[in-house]
Amino acid sequence: MAEAAESPGDPRTTSPRPLMRDLKAVGKKFMHVLYPRKSNTLLRDWDLWGPLVLCVTLALMLQRGSADNENDGGPQFAEVFVIIWFGAVTITLNSKLLGGNISFFQSLCVLGYCILPLTVALLVCRLVLLAKPGPINFIVRLFVVIVMFAWSIVASTAFLADSQPPNRKALAIYPVFLFYFVISWMILTFAP
Amino acid sequence: MKQALVDDTEDVSLDFGNEEELAFRKAKIRHPLATFFHLFFRVSAIVTYVGCDWFSRSFVGCFVTVLLLLSFDFWSVKNVTGRLMVGLRWWNQVDEDGKSHWIFEARKVSPNNITATEAEARIFWLGLIICPIIWIVFFFSTLFSLKLKWLALVIAGISLQAANLYGYILCKMGGESDISKAAASFLSQTVFQTAYLQRQQ
């Protein structure tokens with residue numbers, strides 16, 4: 001077809017089935033977050049679909065059932081959305097100002113995909129909250145959230161730390177720590 | 001001798017599937033499905049945003065629906081309709097040492113190649129330009145009516161649509177890496193045409 005005759009550009013755009021190609025790329029990145037390895041995939045082929053899906057899922061699940069009909073979770077939904085995207089943008093700006101050699105969208109991609117463990121934590125927390133409330137309930141949720149928080153930090157550090165000069169690594173990682181801490185806090189203090 | 005060989009192959013390629021190709025070339029809109037989807041997602045997003053209060057009282061449902069429509073529109077315009085309707089494409093490439101490059105390409109027009117029709121090009125560019133303008137109008141109306149919870153959605157809408165518009169404009173400008181040069185040449189062309197038309201009257 002016309003694609004084959006076009007100039008040899010990005011092999012991605014000359015593929016005749018861009019939808020499948022993109023879906024597979026997103027799935028591959030999710031796998032890379034679950035099993036963080038030293039690899040360049042998250043950085044080389046960045047995309048923001050995963051972060052969008054995770055952000056929307058997180059915002060939907062963090063809805064509180066409100067007694068007031070007019071206030072149907074509106075502010076909380078938009079709050080989560082804004083916190084995640086604004087937080088990610090701020091971290092990216094910070095790392096660029098510190099002299100990191102990672103591009104804007106690559107950094108957003110990594111930070112967004114590494115929210116996956118925390119989304120899993122929220123799912124687990126919601127299930128645990130169906131059981132009897134009490135201190136054990138809270139301790140289980142605390143444990144799950146802490147483990148997933150650590151997982152997120154490890155996964156994002158594996159990809160982001162390399163892009164910083166060695167004496168700035170801590171300065172670049174600290175906001176990431178804060179970012180995931182705020183999200184973990186929202187998850188832990190969630191009560192339907 | 002060589003000329004005869006070339007002529008032979010040209011004859012062969014013309015006869016092969018001739019009628020279909022002729023019909024294809026004569027059609028005003030060669031990719032009806034792509035044209036439909038180019039406009040469908042953008043217009044649905046705007047209609048859903050405007051008609052939110054009538055469809056359902058749920059803020060979250062409306063927000064997620066409009067966001068999904070905007071995302072589908074972004075993906076389809078960037079990956080499918082731009083390539084099919086006007087022969088332009090743009091993407092980002094990260095090379096070995098981590099440097100990211102934005103690449104903008106326009107399909108070269110050649111007699112053997114099937115180029116875009118005027119109708120398709122017009123629909124493409126009109127759709128591409130008008131919708132971000134509508135979203136900017138929404139931005140100001142949201143700001144001034146103080147319905148701030150919709151602001152996040154409107155900003156997302158503007159960013160997604162403006163990104164495609166910007167990418168395709170850069171593709172269209174082709175070799176012109178300097179926006180001011182391209183704007184100047186476009187303006188001078190328009191002024192010349194207007195002056196010429198006025199002179200005719």
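Let me start with chain B, where buried residues account for 35% of the 201 residues. Keep in mind that this is a predicted model.

The secondary structure of chain B consists of eight helices and two strands.

Now the surface. Chain B has an accessible surface of about 13,000 Å², and carbon and sulfur atoms hold 66% of that. Part of this surface is a nonpolar patch made of B:I136, B:F140, B:L143, B:F144, B:L146 and B:L148, which together have about 620 Å² of accessible area.

Take one member, B:L146. Where does B:L146 lie? It sits in the loop between α6 (118-144) and α7 (151-173) of chain B. Is B:L146 buried or exposed? Its relative accessible area is 64%, and the cut-off for exposed is over 50%, so B:L146 counts as exposed.

On to chain A and confidence. The mean pLDDT of chain A is 82, with 83% of its residues at 70 or more. Within chain A, helix α7 (residues 116-128) has the highest confidence, at 93, and helix α1 (residues 2-5) the lowest, at a mean of 34. Residues 1-12 of chain A have pLDDT below 50, and this stretch makes 16 contacts in the model beyond near neighbours in sequence. Where pLDDT is low, the predicted coordinates should not be read in detail.

Terms used. Residues are numbered from 1 along each chain as its sequence is written. Chains are lettered from A and ligands numbered from 1 in the order in which they are written. This is a predicted model: local features need pLDDT of at least 70, side-chain atom pairs count only at pLDDT 80 or more; totals for chains, interfaces and linings use all residues. Side-chain values use heavy atoms; hydrogens and water are left out. Patches are made of residues with over 30% relative accessible area and no salt bridge: like charges are joined within 9 Å, nonpolar side chains (Val, Leu, Ile, Met, Phe, Trp, Tyr) within 5 Å. Accessible areas come from the Shrake-Rupley method with a 1.4 Å probe; for residues, only the protein chains shown count as cover. A salt bridge is a side-chain nitrogen of Lys or Arg within 4 Å of a carboxyl oxygen of Asp or Glu. Helices (H or I, at least four residues) and strands (E, at least two) are DSSP runs, numbered from the N terminus. Buried means under 20% relative accessible area, exposed over 50%, partly exposed in between (1.4 Å probe, protein chains only). pLDDT is the predictor's confidence in each residue, from 0 to 100. Contact means heavy atoms within 4.5 Å.
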